[in-house]
Amino acid sequence: MLKGEDLIPSVLASQLIKGTKDFLMTSFPSTTSAFFGIMDRFVNEDGKLFKGPYISIALPFKKGISQKSYFPDILDDNFKPYYHQELAFKRLSGAIAKPTLVATGTGSGKTEAFMFPILEHCHKNREQKGIKAIIIYPMNALATDQAKRFAKTISKASVLKGTRVGLYIGSNEQNPRKMMSADYVITDKNILQDNPPDILLTNYKMLDFMLMRPRDQKIWSHNIDSDVLKFIAVDEIHTFDGAQGTDLASLIRRLRYKLKVKNGHLACIGTSATLGGDGTESIREFASNIFSEVFDEDSVVREYRIDADEFFEEGDDDILFFPQLSQLAELDFKNYTNVEDYIKAQYSLWFNETVQDVTSDALKVELGVKLKKLHFFKLLLKTLDGQIKSRDRIVDAFVRKIPIKSNDNYFIYMINSLLALTSWAQNEKLGGSYPPFLFVRIQVWIRELARMVASLDEHPSLIYSHDLKTEEEQKHYPVMHCRDCHATGWGGVKKEGTGEFQSDLDLFYQAFFSQDSRVKYIFPIDKSGKQFGNLTGRVYYISKHGNEIVDKEDEENGIKVYEPDNIDTKGKNHSNCPFCHAKNSLTILGSRATSLTSVLIGQNFTSYYNDDKKLIAFSDSVQDSAQRAGFFGARSYQFTLRSALQQALDAYGGKVALNDFGSIISKYWQDRFADDKQYVSTLIAPDMEWLRDYDTLVKTDKLQNAKELIELIDKRIDWMAHSEYGFKSHIGRTLERSNASVMYVDGFESTVDTMLSLLENSIESLRGITKESLEKFLFGILTYMKNIGAIFSFHIEPFVSTGGESVWEINQQYPRNLYMAKFSPNSRNPKFLTNGKFKDFEKISNKTQTTWLDRWVMFNFVEQNTLLPDTREIMQIVLSVLVKEKIILEQDVKDSLVWGLNPEKLFIDNETKQLRCSQCNHILCVSANHEEIALQLPCLRKECGGNYASYHSGDSY
């Protein structure tokens, strides 16, 4: 859920949806004709992947009606509570406080609803020692955040001087706080034990320890058999469901017993922004079970807001002006590079006025006043009617009011624009700050891609297995997808005896991950089968029910499929791609919640329309939360760094040498960030966070040895640039796959004339080849070398010098192991061209198995020759010329030669062009300089015989 305070949620929601779609479409493209566009169709089908966005605008809370001045000793006369706060104060103030559930929304002042009664109790009983209130939080982050609010409130009221708040959670600070300040509460556990605080902030696990551990017993010394403890509150009480709720209920009972609290003495408080729907019986029963107290019908305090008529009662004017269809480009947020320019344009579109500074508080306050006079703003609020409604319903309301024929995009952009202005506006100054004009909230629901299946059909469609109807006869199978070449097919288990291709998902998952030999993969082919070449395996027809067709007369009703031999020498199933031979590259198509959330986090944190870089992720268990936090950190780092690379490249102006790019990125962001601490905390890789200097920064907020740590981070950034544009450039939602930027080899064109002469004079079958065809041939080789990571770099020098056989060498070389990403035999690693027998490098030619270069020679030269040229003979000349011209470098490794690109000849360009193969739909991204060479280039996929043509995929996030 996105809240409109320091961000523009209407725009950000659209970006999150588009970014997630882009991620899935770029992660799971298909080069198998039957599966072309299967993911594109799925993500763009309404209601399949996303629900929403759903929009709500919270109108102001109803003000309190009592003339009574609450807590006069603590608050000044200007404090005017909301009506729901007033109801909470009545229940929690005085000698006898009543059990209370504060079930109001975010930003409603839930904390103040119980904080002020607690502080008043502490003030009136300041002479009495002991803990007077315990507040339990579900997460340490919430406890820490709320601790600051207590500290600030206490520091502002002179009468509260001496009131002490203690934060007692599991983390160990290097320099714990020993006394109260304006920003911090006491966190030193020894101080808190020796002199217990008035208010204890903790979590339920730590409270459990405090009741049991001998060293914590001193903290209860003034509470046992006394009435000093009056309040116990549980924040976000709805999170304590199931077993965790049972644990909390037992914990509170043990606390009562240990401290000998009298029945009816405690004022039990629960807060939640998600409670308080129709009916309160279940809520009250839940709270009663947690606290062992009776919560009557009046115990639930809900929020009260004014309605739209009350909100507009002072504004009789109606401004009927609105953006026109001809201004669609000005409405589109994608056409702006910062939020200020977007807001300026939207202000002009709605009010027909030009404004220079939209960041001033005066302008934001004036904007709120003007919006209340705008006819379509009134329509927006009255359509919402204080409820949460889908954007489609709001579009319908605008369509009925605006007599313009247009597609929904015009109205969607118009609504986004209006919501953006609403989020930007402010109310008059209250206290020391300007409160938001209104709270805009956008909810987007996303369904993880789990247990995905596709129909066994000539034109398969992707669907959730849970959505299949039981009566459907046609079988559906999990989809297998190659991460490297994007070949796509079905996976299943062959039934022994009958050969039936079983579609039981549970059976398949179990067999797949245990490498069961019964697991088989089938790939649909057209009935000519030409694009499959000389692959090992079987070609046969299968019925839509999963049975192999043996009668030739029935083949017309079946699907022609290729089943590769996927059994290794040990009789185990392997997931190597049968087409590109990439190791372990066949994966089950899908994306779980953690992966999709990582995409959303990356998009959220890199958007121009979000200046409030905060995130709270909830999970069902502590263990799961810890695991997911690590996963989010690792995945989000990839998205963050890609954005950092691209922004630095765009600012530089594009076309930068690879060898210079790392330092350019580092300098750009060091200039942008406020200090070294921000630079380090933003760009350090998750697997470098164990470094001592960073650990000290986290614990003390002090950066020691900044120069050394930044130097390591800069080296990691430099390596990430090498890998992002090299061997990882075509895996997932990379900058190249997103058509944002690409790496290219510079200057190879000048070698073509020399190479052409040598080839024609040395190889009889190549006489008559054209300069154009040789240029394309050479461009393809260099592009392929880039894609497999054949780039000489000091980062991986030990890896190259051992022929790729000792990947651990990279991790063990000091000081490289301090910054370098970890390599392993099973990870995706760079490859180099070789004439040796290094198993993980790319051989130029092979007698037993056709190499990529063998196929490339055939695709480029066989049609104009009667004889197939010898790959080794051709490459000997090609490589010698490229080495002489220093386009590539040559290294002697164990009596063999290894070739890789010279990094001095590699450049990064943000002016890109995309091309698509006419046969397999493979997308190729090239520098705009090389578009002409790449046009009609044979497909780089080993088993495809198509050619590349111009293609534009649209905007990408």
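## Basis and terms

A residue is called buried at under 20% relative accessible area, exposed at over 50%, and partly exposed in between, with a 1.4 Å probe and protein chains only. The model is predicted: local features need pLDDT of at least 70, side-chain atom pairs count only at pLDDT 80 or more, and totals for chains, interfaces and linings use all residues. Residues are numbered from 1 along each chain as its sequence is written, and side-chain values use heavy atoms, leaving out hydrogens and water.

## Salt bridges

A salt bridge here is a side-chain nitrogen of Lys or Arg within 4 Å of a carboxyl oxygen of Asp or Glu. The count by this rule is 33.

Asp 332 pairs with Lys 334 at 3.2 Å, N to O. Asp 332 is buried because its relative accessibility is 10%, while Lys 334, at 30%, is partly exposed. Asp 516 and Arg 518 form another salt bridge, at 3.1 Å from N to O; Arg 518 is partly exposed, with a relative accessible area of 28%. Shared partners join Lys 494, Arg 538, Glu 548 and Glu 563 into one network of salt bridges.

In the salt bridge of Asp 227 with Lys 262, the closest N and O atoms are 3.8 Å apart. This pair links distant parts of the chain, 35 residues apart: Asp 227 lies in the loop between α7 (204–212) and β7 (231–234), and Lys 262 in the loop between α8 (242–259) and β8 (267–271). Helices (H or I, at least four residues) and strands (E, at least two) are DSSP runs, numbered from the N terminus. Asp 227 is partly exposed at 37%, and Lys 262 is exposed at 52%.
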